[in-house]
Amino acid sequence: MKDCTNCQFNLYAAKTFNKEQLSSMEDNCSGKTFKKGELIFKEGITCSRVSLLKEGLVKIHMVGVGGREQILKLVKAPNYIGIPNTVGDKTYHYSATAIEETQVCFIGLDNFKELLHLSKDFAYNIIADFCKNEILHFRNCIHKTQKQSAGLLADALLNFANNIYESHSFTLPLSRQEMADSFGTSRENVSRMLSEFQRDGIIKVDKKEISIVNIKRLELISGLG
DNA sequence: GCATTAACCACAG
DNA sequence: CTGTGGTTAATGC
């Protein structure tokens, strides 16, 4: 029934697996589709598996000070989500929610470990991914503490345009509140800034439809902070 | 002082 | 859930 041969994770990280190893993977993974807004895993519960994001877009979020929600990052398929929760106390330290129709494949922890032992390339790819992520997080950390909200909003819009949708026009998958939760401002501020960007001819906004008119200006705002 | 930035509140679609 | 307007507090010329 299941066939992991053409799973993008084989191409992405584990293309060295042989037939037997693949069939072990096939026996031990299970796929599930999540609709926009559906929770994939929740902060606080026990973690016993790794999630492979095969299709879609997910927000990684965590409850912060005073119950305030913080969106840490968006993850686009194909990617792993939740591996850091599989070590130590094996508890999810953050939640993942689908913000677009999303397909996830779960693989049991023991099986995952076995695969790590089986393939150096597989293991190395995961480490490489983590390294990239940590550096990204350092950069993000600096931005969030040193930039003011207009710069952060510009960053967010550029991220959608350049990395997530690879287009100057896109539909925001997040509400204004969620945008605010991404970089620690108020939803009012996000509304206002989007209006201002539009007024200044930098973007065009129609509800959640965004198109970037003047990307140079946006980059300038992002750079100025 | 005066300007800027942003949070909080209230109210209208 | 959004967009606006008023108000207030903090910070920096």
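Modeller: Start with a cut-off: a residue is buried under 20% relative accessible area, exposed over 50%, and partly exposed in between. Bear in mind that the model is predicted.

Colleague: Why is Lys32 called partly exposed?

Modeller: Lys32 has a relative accessible area of 42%. Lys32 lies in strand S1, residues 29-34.

Colleague: What is Lys32 in contact with, leaving aside its neighbours within four places in sequence?

Modeller: Lys32 is in contact with Thr102, Gln103, Val104 and Phe106. The C-alpha atoms of Lys32 and Phe106 are separated by 8.0 Å, although the two residues are 74 apart along the chain.

Colleague: Is Thr102 buried or exposed, and how do you know?

Modeller: The relative accessibility of Thr102 is 1%. Buried means under 20%, so Thr102 counts as buried. Thr102 belongs to strand S8, residues 102-108. Leaving aside neighbours within four places in sequence, the contacts of Thr102 include Lys32, Phe34, Ile40, Leu53 and Val58.

Colleague: What lies 2.7 Å from a polar atom of the Thr102 side chain?

Modeller: That is the backbone oxygen of Glu100. A polar contact needs N or O atoms within 3.5 Å, and the distance here is 2.7 Å.

Colleague: Which residues have a positive phi although they are not glycine?

Modeller: Lys90 has a phi of about 50 degrees, and Lys207 has one of about 55 degrees. Most residues other than glycine have a negative phi. Lys90 sits in the loop between S6 and strand S7 (95-98), and Lys207 in the loop between strand S10 (203-206) and strand S11 (209-212).

Colleague: What makes Lys207 exposed?

Modeller: Its relative accessible area is 67%. Exposed means over 50%, so Lys207 is exposed. Lys90, at 31%, is partly exposed.

Colleague: Which peptide bond is cis, with omega near -5 degrees?

Modeller: The bond from Ala77 to Pro78. Pro78 is in the loop between S5 and strand S6 (79-81). Most peptide bonds are trans.

Colleague: How is chain A divided?

Modeller: Chain A has domain 1 (8-125) and domain 2 (143-224). Their C-alpha centres lie 28 Å apart. Twelve residues from domain 1 and twelve residues from domain 2 make the contact.

Colleague: How much area do domain 1 and domain 2 bury between them?

Modeller: They bury about 1000 Å², 47% of it on carbon and sulfur atoms. The size of an interface is often given as the accessible area lost when the parts come together.

Colleague: Why is the pair of Asp181 and Arg68 called a salt bridge?

Modeller: The closest N and O atoms of Asp181 and Arg68 are 3.4 Å apart. The cut-off is within 4 Å, so the pair qualifies as a salt bridge. Across the interface of domain 1 and domain 2 the rule finds three salt bridges, and also eleven residue pairs in polar contact.

Colleague: Which strands each supply at least two residues of the side of domain 1 that touches domain 2?

Modeller: Strand S4 (57-63) and strand S5 (69-76) do. S5 gives the largest share, six residues. By class, that side of domain 1 has five nonpolar, one polar and six charged residues.

Notes. Residues numbered from 1 in each chain as written. Chains lettered and ligands numbered in written order. Predicted model: local features only at pLDDT ≥ 70, side-chain atom pairs only at ≥ 80, totals over all residues. Heavy atoms only, no water. Helix = DSSP H or I, 4+ residues; strand = E, 2+ residues; numbered from the N terminus. Buried < 20%, exposed > 50% of the residue type's maximum accessible area, 1.4 Å probe, protein only. Polar contact = N/O pair within 3.5 Å; in protein donor to acceptor, adjacent residues only side chain to side chain. Contact = heavy atoms within 4.5 Å. Domains from an automatic or database assignment. Buried area = accessible area lost by both parts, 1.4 Å probe. Salt bridge = Lys/Arg side-chain N within 4 Å of Asp/Glu carboxyl O. Nonpolar A, V, L, I, M, F, W, Y, C, P; charged D, E, K, R; others polar.
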